[in-house]
Amino acid sequence: MRQIALKAYAKINLGLDVLRRREDNYHEVRMVMQSVTLYDKLTMKKISKDEISLSSNLGYLPNNDKNLVYKAIHLMREEYKITQGVKADLEKRIPVAAGLAGGSTDAAAALVGMNRLFHLKLSLERLMELGAKIGADVPYCVLRGTALSEGIGEILTPLSPLPACYILLAKPGINVSTRFVYENLEADKLPYHPDIDGMIEALEREELKGVTDRLSNVLETVTEKKYPIIGKIKQTMKENGALNSIMSGSGPTVFGIFDKKEKAEKALDKVREIELVKNSYLVEPFLPETKKYFLKR
(Lines give C-alpha, C1' and ligand atoms only; values in the text may rest on other atoms or scores of the structure.)
Protein backbone atom coordinates (compact mmCIF):
# COMPACT_ATOMS: atom_id res chain seq x y z
CA MET A 1 0.00 0.00 0.00
CA ARG A 2 1.48 3.34 -1.08
CA GLN A 3 -1.54 5.67 -0.70
CA ILE A 4 -4.61 5.84 1.49
CA ALA A 5 -7.58 8.21 1.89
CA LEU A 6 -9.38 8.59 5.19
CA LYS A 7 -12.44 10.42 6.47
CA ALA A 8 -11.89 12.40 9.68
CA TYR A 9 -15.31 12.86 11.31
CA ALA A 10 -16.38 15.86 13.40
CA LYS A 11 -17.76 15.46 16.93
CA ILE A 12 -20.35 17.17 19.08
CA ASN A 13 -20.82 17.10 22.85
CA LEU A 14 -24.27 15.82 23.83
CA GLY A 15 -23.39 16.59 27.43
CA LEU A 16 -20.42 18.52 28.79
CA ASP A 17 -19.79 18.89 32.52
CA VAL A 18 -16.71 20.31 34.24
CA LEU A 19 -16.21 18.82 37.68
CA ARG A 20 -13.24 20.85 38.93
CA ARG A 21 -10.03 22.62 38.05
CA ARG A 22 -7.10 20.38 38.94
CA GLU A 23 -3.88 21.48 40.59
CA ASP A 24 -2.11 21.21 37.22
CA ASN A 25 -4.68 23.73 35.84
CA TYR A 26 -6.31 21.12 33.61
CA HIS A 27 -10.05 20.71 34.09
CA GLU A 28 -11.62 17.40 35.03
CA VAL A 29 -14.55 16.78 32.71
CA ARG A 30 -17.41 14.36 32.18
CA MET A 31 -18.78 14.41 28.65
CA VAL A 32 -20.90 12.40 26.25
CA MET A 33 -19.30 12.62 22.82
CA GLN A 34 -20.88 11.84 19.46
CA SER A 35 -19.29 11.78 16.01
CA VAL A 36 -21.31 13.09 13.06
CA THR A 37 -21.18 12.63 9.29
CA LEU A 38 -19.39 15.93 8.56
CA TYR A 39 -15.79 15.04 7.77
CA ASP A 40 -12.41 16.23 6.51
CA LYS A 41 -10.61 14.11 3.93
CA LEU A 42 -6.98 13.17 4.53
CA THR A 43 -4.95 11.56 1.74
CA MET A 44 -1.56 10.09 2.67
CA LYS A 45 1.13 8.40 0.61
CA LYS A 46 4.69 7.19 0.93
CA ILE A 47 7.41 9.22 -0.77
CA SER A 48 11.08 8.56 -1.39
CA LYS A 49 12.37 11.63 0.48
CA ASP A 50 12.94 11.31 4.22
CA GLU A 51 10.51 14.10 5.14
CA ILE A 52 6.94 15.03 6.02
CA SER A 53 5.18 17.05 3.34
CA LEU A 54 1.79 18.53 4.30
CA SER A 55 -0.60 20.56 2.15
CA SER A 56 -4.17 21.79 2.63
CA ASN A 57 -6.98 23.50 0.75
CA LEU A 58 -6.86 26.27 3.39
CA GLY A 59 -3.83 28.44 2.77
CA TYR A 60 -3.72 29.85 6.31
CA LEU A 61 -3.29 26.47 8.01
CA PRO A 62 0.31 25.73 9.10
CA ASN A 63 2.06 22.91 7.24
CA ASN A 64 4.69 22.28 9.94
CA ASP A 65 4.80 20.96 13.51
CA LYS A 66 2.12 23.46 14.56
CA ASN A 67 -0.37 21.33 12.62
CA LEU A 68 -1.75 18.28 14.47
CA VAL A 69 -1.60 16.10 11.34
CA TYR A 70 2.11 16.84 11.04
CA LYS A 71 2.56 16.12 14.77
CA ALA A 72 0.77 12.77 14.43
CA ILE A 73 2.89 11.67 11.47
CA HIS A 74 6.07 12.81 13.20
CA LEU A 75 5.13 10.93 16.39
CA MET A 76 4.53 7.68 14.49
CA ARG A 77 7.78 7.99 12.54
CA GLU A 78 9.71 8.57 15.77
CA GLU A 79 7.91 5.88 17.76
CA TYR A 80 8.33 3.16 15.12
CA LYS A 81 11.62 4.25 13.53
CA ILE A 82 10.05 4.92 10.13
CA THR A 83 12.56 6.47 7.75
CA GLN A 84 10.42 6.62 4.62
CA GLY A 85 8.82 10.00 3.97
CA VAL A 86 5.11 10.78 3.96
CA LYS A 87 3.10 13.25 1.90
CA ALA A 88 -0.27 14.24 3.35
CA ASP A 89 -2.98 16.36 1.75
CA LEU A 90 -5.80 17.65 3.96
CA GLU A 91 -9.13 18.72 2.50
CA LYS A 92 -10.84 20.72 5.24
CA ARG A 93 -14.64 20.66 5.40
CA ILE A 94 -15.09 20.94 9.17
CA PRO A 95 -14.93 24.61 10.19
CA VAL A 96 -11.74 25.61 11.99
CA ALA A 97 -11.92 26.58 15.70
CA ALA A 98 -15.57 25.59 15.86
CA GLY A 99 -15.88 23.27 18.86
CA LEU A 100 -16.14 20.27 16.51
CA ALA A 101 -12.66 18.75 17.13
CA GLY A 102 -11.54 19.40 13.55
CA GLY A 103 -7.83 19.42 14.34
CA SER A 104 -8.06 16.46 16.72
CA THR A 105 -9.98 14.28 14.26
CA ASP A 106 -7.45 15.08 11.52
CA ALA A 107 -4.65 13.95 13.85
CA ALA A 108 -6.56 10.75 14.66
CA ALA A 109 -6.96 10.02 10.94
CA ALA A 110 -3.22 10.56 10.45
CA LEU A 111 -2.44 8.00 13.17
CA VAL A 112 -4.77 5.48 11.51
CA GLY A 113 -3.27 6.28 8.13
CA MET A 114 0.29 5.68 9.34
CA ASN A 115 -0.84 2.41 10.90
CA ARG A 116 -2.19 1.23 7.57
CA LEU A 117 0.48 2.65 5.26
CA PHE A 118 3.33 1.02 7.16
CA HIS A 119 1.49 -2.18 8.21
CA LEU A 120 2.18 -1.55 11.88
CA LYS A 121 -0.83 -3.66 12.96
CA LEU A 122 -1.40 -1.50 16.04
CA SER A 123 -4.51 -2.06 18.12
CA LEU A 124 -7.22 0.54 18.56
CA GLU A 125 -6.12 0.94 22.17
CA ARG A 126 -2.50 1.64 21.18
CA LEU A 127 -3.59 4.25 18.64
CA MET A 128 -5.64 5.93 21.36
CA GLU A 129 -2.61 5.93 23.69
CA LEU A 130 -0.55 7.62 21.01
CA GLY A 131 -3.35 10.11 20.39
CA ALA A 132 -3.25 11.21 24.03
CA LYS A 133 0.30 12.48 23.42
CA ILE A 134 -1.06 14.90 20.81
CA GLY A 135 -4.22 16.26 22.43
CA ALA A 136 -7.02 15.46 24.89
CA ASP A 137 -9.69 14.93 22.18
CA VAL A 138 -7.52 12.79 19.86
CA PRO A 139 -8.12 9.43 21.62
CA TYR A 140 -11.88 9.92 21.27
CA CYS A 141 -11.48 10.86 17.62
CA VAL A 142 -9.65 7.57 17.09
CA LEU A 143 -12.48 5.69 18.83
CA ARG A 144 -15.42 7.70 17.40
CA GLY A 145 -19.10 6.83 17.79
CA THR A 146 -20.88 7.50 21.10
CA ALA A 147 -18.67 7.56 24.20
CA LEU A 148 -18.32 8.81 27.75
CA SER A 149 -15.19 10.93 28.19
CA GLU A 150 -13.73 11.49 31.67
CA GLY A 151 -10.55 12.75 33.33
CA ILE A 152 -9.16 15.45 31.06
CA GLY A 153 -10.79 13.62 28.15
CA GLU A 154 -8.49 10.62 27.95
CA ILE A 155 -10.64 8.08 29.87
CA LEU A 156 -13.14 6.73 27.34
CA THR A 157 -16.05 4.31 27.65
CA PRO A 158 -18.06 3.32 24.55
CA LEU A 159 -21.82 3.88 25.01
CA SER A 160 -24.99 2.68 23.32
CA PRO A 161 -25.35 4.56 20.03
CA LEU A 162 -27.43 7.70 19.63
CA PRO A 163 -30.80 6.73 18.09
CA ALA A 164 -31.39 7.72 14.47
CA CYS A 165 -31.94 11.47 14.12
CA TYR A 166 -30.97 14.55 12.15
CA ILE A 167 -28.45 17.06 13.49
CA LEU A 168 -28.27 20.67 12.36
CA LEU A 169 -24.90 22.40 12.86
CA ALA A 170 -24.57 26.18 12.68
CA LYS A 171 -21.33 28.11 13.21
CA PRO A 172 -21.51 31.89 13.55
CA GLY A 173 -18.66 33.93 12.11
CA ILE A 174 -16.92 34.55 15.42
CA ASN A 175 -13.76 33.11 16.93
CA VAL A 176 -13.88 31.67 20.43
CA SER A 177 -10.72 30.92 22.38
CA THR A 178 -10.98 27.62 24.25
CA ARG A 179 -8.39 28.95 26.68
CA PHE A 180 -10.50 32.05 27.35
CA VAL A 181 -13.58 29.92 28.03
CA TYR A 182 -11.87 27.62 30.52
CA GLU A 183 -9.98 30.45 32.23
CA ASN A 184 -13.26 32.28 32.81
CA LEU A 185 -15.25 29.23 33.87
CA GLU A 186 -15.99 29.17 37.59
CA ALA A 187 -16.04 25.40 37.93
CA ASP A 188 -16.82 25.53 41.66
CA LYS A 189 -19.77 27.90 41.19
CA LEU A 190 -21.63 26.39 38.24
CA PRO A 191 -25.40 26.97 38.44
CA TYR A 192 -26.16 23.48 37.10
CA HIS A 193 -24.59 20.17 36.14
CA PRO A 194 -25.73 18.06 33.16
CA ASP A 195 -27.48 14.78 33.94
CA ILE A 196 -24.81 12.63 32.30
CA ASP A 197 -25.93 9.41 34.02
CA GLY A 198 -29.54 9.98 32.93
CA MET A 199 -28.36 10.55 29.36
CA ILE A 200 -26.39 7.29 29.39
CA GLU A 201 -29.49 5.44 30.61
CA ALA A 202 -31.60 7.05 27.86
CA LEU A 203 -29.04 5.90 25.27
CA GLU A 204 -29.26 2.37 26.65
CA ARG A 205 -33.07 2.50 26.33
CA GLU A 206 -32.77 3.93 22.77
CA GLU A 207 -34.90 6.94 23.81
CA LEU A 208 -34.01 9.93 21.64
CA LYS A 209 -36.23 12.29 23.66
CA GLY A 210 -34.59 11.09 26.86
CA VAL A 211 -31.22 12.11 25.39
CA THR A 212 -32.34 15.47 23.99
CA ASP A 213 -34.09 16.44 27.23
CA ARG A 214 -30.67 16.19 28.89
CA LEU A 215 -28.55 18.06 26.32
CA SER A 216 -26.44 20.45 28.38
CA ASN A 217 -23.06 22.22 28.23
CA VAL A 218 -21.69 24.15 31.20
CA LEU A 219 -19.27 26.08 28.96
CA GLU A 220 -22.28 28.03 27.70
CA THR A 221 -22.16 29.93 31.02
CA VAL A 222 -19.07 31.68 29.62
CA THR A 223 -19.43 31.61 25.83
CA GLU A 224 -23.13 32.43 25.47
CA LYS A 225 -22.82 35.32 27.92
CA LYS A 226 -20.04 36.85 25.81
CA TYR A 227 -21.61 36.01 22.43
CA PRO A 228 -25.45 36.36 22.50
CA ILE A 229 -25.62 35.09 18.89
CA ILE A 230 -25.22 31.58 20.33
CA GLY A 231 -28.47 31.94 22.27
CA LYS A 232 -30.21 33.33 19.20
CA ILE A 233 -29.22 30.32 17.08
CA LYS A 234 -30.35 27.91 19.81
CA GLN A 235 -33.71 29.63 20.09
CA THR A 236 -34.21 29.65 16.31
CA MET A 237 -33.57 25.90 16.14
CA LYS A 238 -35.97 25.15 18.99
CA GLU A 239 -38.68 27.39 17.52
CA ASN A 240 -38.38 25.44 14.27
CA GLY A 241 -38.72 21.89 15.49
CA ALA A 242 -35.50 20.96 17.31
CA LEU A 243 -36.08 18.63 20.23
CA ASN A 244 -33.33 20.64 21.90
CA SER A 245 -30.31 22.74 20.97
CA ILE A 246 -26.99 23.53 22.70
CA MET A 247 -23.46 24.69 21.93
CA SER A 248 -20.79 22.09 21.10
CA GLY A 249 -17.53 22.13 23.06
CA SER A 250 -16.27 25.62 23.85
CA GLY A 251 -18.17 26.91 20.81
CA PRO A 252 -19.14 28.73 18.85
CA THR A 253 -20.91 26.00 16.84
CA VAL A 254 -24.50 25.31 17.94
CA PHE A 255 -26.35 22.11 17.11
CA GLY A 256 -29.96 21.02 17.26
CA ILE A 257 -31.33 17.49 17.17
CA PHE A 258 -34.46 16.68 15.14
CA ASP A 259 -36.59 13.55 14.87
CA LYS A 260 -37.81 14.40 11.35
CA LYS A 261 -35.75 15.44 8.33
CA GLU A 262 -38.46 17.86 7.16
CA LYS A 263 -38.24 19.79 10.44
CA ALA A 264 -34.45 19.90 10.23
CA GLU A 265 -34.55 21.20 6.66
CA LYS A 266 -37.02 23.93 7.63
CA ALA A 267 -34.81 24.93 10.57
CA LEU A 268 -31.77 24.96 8.29
CA ASP A 269 -33.46 27.56 6.07
CA LYS A 270 -34.33 29.70 9.09
CA VAL A 271 -30.84 29.46 10.59
CA ARG A 272 -29.27 30.52 7.29
CA GLU A 273 -31.33 33.72 7.48
CA ILE A 274 -29.37 34.75 10.59
CA GLU A 275 -26.77 37.23 9.38
CA LEU A 276 -23.86 36.03 11.50
CA VAL A 277 -24.21 32.33 10.59
CA LYS A 278 -21.39 31.51 8.17
CA ASN A 279 -21.42 27.70 8.10
CA SER A 280 -24.41 25.37 8.43
CA TYR A 281 -24.79 21.66 7.78
CA LEU A 282 -27.46 19.00 8.10
CA VAL A 283 -25.82 15.77 9.25
CA GLU A 284 -26.55 12.50 11.04
CA PRO A 285 -24.83 10.54 13.81
CA PHE A 286 -21.80 8.60 12.60
CA LEU A 287 -21.71 5.14 14.18
CA PRO A 288 -18.52 3.32 13.21
CA GLU A 289 -17.95 -0.39 13.13
CA THR A 290 -14.38 -0.20 14.38
CA LYS A 291 -13.25 -3.45 12.76
CA LYS A 292 -13.76 -1.84 9.38
CA TYR A 293 -11.48 1.07 10.15
CA PHE A 294 -8.59 -0.19 12.27
CA LEU A 295 -5.99 -2.93 12.05
CA LYS A 296 -5.80 -5.25 15.05
CA ARG A 297 -2.83 -7.05 16.50
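The buried residues of helix H3 pack against helix H1 (68-79), helix H2 (102-117), helix H4 (138-143) and strand S6 (155-158). This is a predicted model, in which local features need pLDDT of at least 70 and side-chain atom pairs count only at pLDDT 80 or more, while totals for chains, interfaces and linings use all residues. Residues are numbered from 1 along each chain as its sequence is written, and side-chain values use heavy atoms, with hydrogens and water left out. The protein chain has 10 helices and 11 strands. Its radius of gyration is 19 Å, close to the 19 Å that the globule rule gives for 297 residues, so the chain is as compact as a globular protein of that length.

**Terms**

- Helices (H or I, at least four residues) and strands (E, at least two) are DSSP runs, numbered from the N terminus.
- Buried means under 20% relative accessible area, exposed over 50%, and partly exposed in between, with a 1.4 Å probe and protein chains only.
- Contact means heavy atoms within 4.5 Å.

**Whole chain**

- The radius of gyration is taken over C-alpha atoms, and the globule rule is 2.2 Å times the number of residues to the power 0.38.
- Along the principal axes, the C-alpha atoms of the protein chain fill a box of roughly 55 × 40 × 35 Å.
- Of the 297 residues in the protein chain, 56% are buried.
- Among contacts with a separation of 6 or more, 76% are between residues 24 or more positions apart.
- The protein chain exposes about 13600 Å², and carbon and sulfur atoms supply 45% of this area; the areas come from the Shrake-Rupley method with a 1.4 Å probe.
- The chain has 45 positive and 39 negative charges, and their mean positions are 6 Å apart.
- Lys and Arg count as positive and Asp and Glu as negative, whereas His and the chain ends are not counted; each charge is placed at NZ of Lys, CZ of Arg, CG of Asp or CD of Glu.

**Helices H3 and H9**

- Helix H3 covers residues 124-132, and its buried residues include Leu124, Arg126, Leu127, Met128, Leu130 and Gly131.
- In helix H9 (residues 229-239), the buried residues include Ile229, Ile230, Gly231, Ile233, Lys234, Thr236 and Met237.
- The buried residues of H9 pack against strand S7 (166-172), helix H8 (220-226), strand S9 (244-247), strand S10 (254-258), helix H10 (261-272) and S11.
- Gly241 follows H9 and has a positive phi, near 105 degrees.

**Aromatic cluster**

- Rings of Phe, Tyr and Trp (its six-membered ring) pair if their centres lie within 6.5 Å; planes under 30 degrees apart count as stacked, over 60 as edge-to-face and the rest as tilted.
- By this rule there are 2 aromatic pairs.
- The ring centres of Tyr9 and Tyr39 are 5.6 Å apart and the planes are at 55 degrees, so this pair is tilted.
- Tyr9 is in strand S1 (residues 3-21) and Tyr39 in strand S2 (residues 27-47), and the pair links distant parts of the chain, 30 residues apart.
- The ring centres of Tyr9 and Phe286 are 3.7 Å apart and the planes are at 10 degrees, so this pair is stacked.
- Phe286 lies in the segment after strand S11 (277-283) and Tyr9 in strand S1, so the pair ties together parts that are 277 residues apart in sequence.
- Tyr9 is buried, with a relative accessible area of 9%, and Phe286 is buried too.
- Tyr9, Tyr39 and Phe286 are linked into a cluster by ring pairs.

**Met33**

- Met33 is found in strand S2 and is buried, with a relative accessible area of 1%.
- Leaving aside neighbours within four places in sequence, Met33 is in contact with Lys11, Ile12, Asn13, Asp137, Tyr140, Gly145, Thr146, Ala147 and Ser149.
- From C-alpha to C-alpha, Met33 and Ile94 are 17 Å apart in space, and they are 61 residues apart in sequence.

**Backbone in the loops**

- The peptide bond from Gly251 to Pro252 is cis, with omega near 5 degrees; Pro252 is in the loop between S9 and S10.
- Lys81, in the loop between H1 and strand S4 (85-91), has a positive phi near 50 degrees although this residue is not glycine.
- Lys81 counts as exposed, at 68% relative accessibility.
- Ala101, in the loop between S4 and H2, is not a glycine but has a positive phi of about 60 degrees.
- Ala101 is buried, with a relative accessible area of 11%.
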